[in-house]
Amino acid sequence: MNRPNITRRHFFEDCAVGTGKIALASLLAESAYGAEKSPNLASATHFQPKAKAVIHLFMAGAPSQLEMFDHKPMLTKYEGKPLPPSVIGGQRYAFIRPDAAVLGPRYQFAKHGQCGAELSEVLPHLATVVDDISIIKSCRTTQFNHAPAQIFMNTGFSQPGRPSMGSWITYGLGAETRDLPSFVVMSTGSGISGGAACWSSGFLPSVYSGTRFRNTGDPILNVSTPPEIKTGTQRDTIELINAMNDRRLKLDGDGETATRIANYEMAYRLQSSAPELMDLTKEDEATLKMYGCDPKVPSFARACLLARRMVERGVRFINIYNEGWDAHSDVAGNVKKNCSATDQASAALIKDLKQRGLLDSTLVVWGGEFGRTPMVEASVSLGRSMGRDHHPQAFSMWMAGGGIKGGVTLGATDDMGFNIVENEVRVPDLQATILHCLGIDHERLTFRNAGLDFKLTGVEPCKVVKEILA
């Protein structure tokens with residue numbers, strides 16, 4: 001009879017002996033949220049990593065690559081005419097017909113840096129760090145609606161219920177800080193279509209879920225101690241609650257009880273660590289100016305600066321969701337507005353990490369869930385004009401920092417920007433590459449659930465994008 005591979009995690013999960021359950025609680029509380037990595041957890045990497053932290057700048061709504069990264073002069077020549085049927089094939093669209101007219105690029109492009117990468121005029125700040133980033137023009141996804149595409153990019157599956165990248169990474173590597181969550185989520189808008197499924201731990205223990213930080217007030221609700229509660233009283237209360245939870249853990253062995261214990265302890269430590277983290281008054285004026293950040297005003301710039309501070313304090317994975325890129329109408333205005341809000345801070349993050357010696361160990365990922373069509377979207381009934389529809393066949397992203405080669409442009413699309421003609425990079429390939437930079441083999445990072453060994457990159461073959469690796 002074949003026996004499944006049993007890891008220490010499975011032993012502690014399945015063991016009915018009370019000491020095993022106590023050990024699990026200790027491992028969760030001390031390693032999942034601890035400063036020192038326990039040798040009893042799978043915190044060692046599969047091979048030597050280049051990065052130890054990730055900052056994922058997620059542009060929710062799908063930026064138009066044709067106005068930013070993928071210059072297609074041929075679209076100007078054919079503007080107002082439909083694309084040939086041979087180009088479109090059987091492609092479906094969310095809001096337009098396949099015979100919609102071509103829309104030319106709305107902005108001028110120029111080459112920048114020693115690498116000569118071509119960028120739009122709406123990205124003047126990114127142009128100053130283009131030699132530090134790798135631009136991928138040949139990304140492709142299988143999803144063409146926002147919610148499933150966002151969930152797919154973040155979890156490797158198009159439906160809610162799977163662990164997110166941040167959860168997989170903190171599960172595999174453990175934590176480097178005992179005073180802050182290992183996986184932090186920030187949002188600079190009203191919310192994203194994929195919702196909390198994008199940072200959920202799915203079927204992993206909930207200790208690996210992303211912790212949402214708010215834009216104003218306490219970063220986490222109720223983290224501040226009410227003025228009438230004394231420190232000693234609060235400490236005594238937490239110790240009593242933890243003793244009761246520990247008793248329950250010994251009785252039923254539920255790992256979620258161990259998570260609850262760890263969360264109470266983390267919440268107590270956050271009362272001092274979170275205010276210190278969020279206090280940007282200690283940043284010098286030159287740094288604030290570089291980001292374009294007003295410490296008192298919620299913004300993408302403020303979130304990027306906080307992300308750098310989190311990396312300094314040992315946070316493992318940081319998601320920053322910037323909503324509003326869904327350009328069904330006025331794609332030129334949409335891109336200009338969003339680039340005005342994000343370009344300076346994105347470039348400043350690269351510069352800031354580099355000057356502090358953190359870029360080599362921090363992987364920065366920028367991109368959305370899919371791209372925009374070469375054809376125009378216009379609808380009198382919906383009040384739309386001069387926009388672009390959803391386009392999963394080809395879009396652009398960039399990566400920088402830990403393990404990534406700077407000054408690289410990878411992939412190409414056809415003259416119309418419709419289909420990929422060189423170096424296709426699919427979503428699982430991107431995920432495998434992110435894990436690789438952290439020293440993780442995507443084939444070996446698994447979790448058994450419902451009798452199956454799941455992994456972030458799914459069951460279909462995928463590859464690490466070696467062309468952009470340093």
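Which residue just after α5 takes a positive phi? Gly 156 does, with a phi of about 85°. Welcome to a short tour of this predicted model, a protein chain with 12 helices and 17 strands.

**The chain as a whole**

- Of the 470 residues in the protein chain, 54% count as buried.
- If we take contacts between residues at least 6 apart in sequence, 77% of them join residues at least 24 apart.

- Helix α5 spans residues 146-155 and is mostly covered, with 8 of its 10 residues buried.
- The buried residues of α5 are His 146 at one end, then Ala 149, Gln 150, Ile 151, Phe 152, Met 153, Asn 154 and Thr 155.
- Helix α12 covers residues 427-437, and its axis comes within 9 Å of the α5 axis, crossing at roughly 30°.
- Angles under 35 degrees count as roughly parallel, so α5 is described as roughly parallel to α12.
- On the α5 side, the contact involves Phe 152, Met 153 and Thr 155, which meet Val 427, Pro 428, Leu 430 and Gln 431 in α12.
- Sorted by class, the residues of this α5 and α12 contact are 5 nonpolar, 2 polar and no charged.

**Helices α10 and α11**

- Helix α10 (residues 300-312) and helix α11 (residues 331-355) have axes that come within 8 Å and cross at roughly 15°.
- That angle makes α10 roughly parallel to α11.
- The crossing of α10 and α11 is right-handed.
- From α10, the residues in contact are Phe 300, Ala 301, Cys 304, Leu 305 and Arg 308.
- They meet Ala 341, Thr 342, Ala 345, Ser 346, Leu 349, Asp 352 and Leu 353 in α11.
- By class, the contact of α10 with α11 has 8 nonpolar, 2 polar and 2 charged residues.
- As background for reading such lists, an α-helix has 3.6 residues a turn, so residues three or four places apart point the same way.

**Thr 373, a buried strand residue**

- Thr 373 is found in strand β9, which runs over residues 371-379.
- Is Thr 373 buried or exposed? Thr 373 is buried, because its relative accessible area is 0% and buried means under 20%.
- Leaving out residues up to four places away in sequence, Thr 373 touches Leu 66, Tyr 93, Ile 96, Arg 388, Asp 389, His 390 and His 391.
- Ala 394 lies 21 residues from Thr 373 in sequence, and their C-alpha atoms are 8.8 Å apart.

- Most residues other than glycine have a negative phi, which gives the next two residues some context.
- Met 386 is not a glycine, yet has a positive phi of about 55°.
- Met 386 sits in strand β10 (residues 384-391), and at 39% relative accessibility Met 386 counts as partly exposed.
- Ala 450 also has a positive phi, near 55°, and is a residue other than glycine.
- Where is Ala 450 placed? Ala 450 is in the loop between β16 (447-449) and β17 (452-454).
- With 72% relative accessibility, Ala 450 counts as exposed.

How values were computed. Residues are numbered from 1 along each chain as its sequence is written. This is a predicted model: local features need pLDDT of at least 70, side-chain atom pairs count only at pLDDT 80 or more; totals for chains, interfaces and linings use all residues. Side-chain values use heavy atoms; hydrogens and water are left out. Axes are lines fitted to C-alpha atoms, for helices over the stretch in contact, and angles run from 0 to 180 degrees between N-to-C directions. Helices (H or I, at least four residues) and strands (E, at least two) are DSSP runs, numbered from the N terminus. Angles under 35 degrees count as roughly parallel, over 145 as roughly antiparallel, 65 to 115 as roughly perpendicular and the rest as oblique. A crossing is left-handed if the near helix is turned anticlockwise from the far one by less than a right angle, and right-handed if clockwise. Contact means heavy atoms within 4.5 Å. Ala, Val, Leu, Ile, Met, Phe, Trp, Tyr, Cys and Pro count as nonpolar, Asp, Glu, Lys and Arg as charged, and the others, Gly among them, as polar. Buried means under 20% relative accessible area, exposed over 50%, partly exposed in between (1.4 Å probe, protein chains only).
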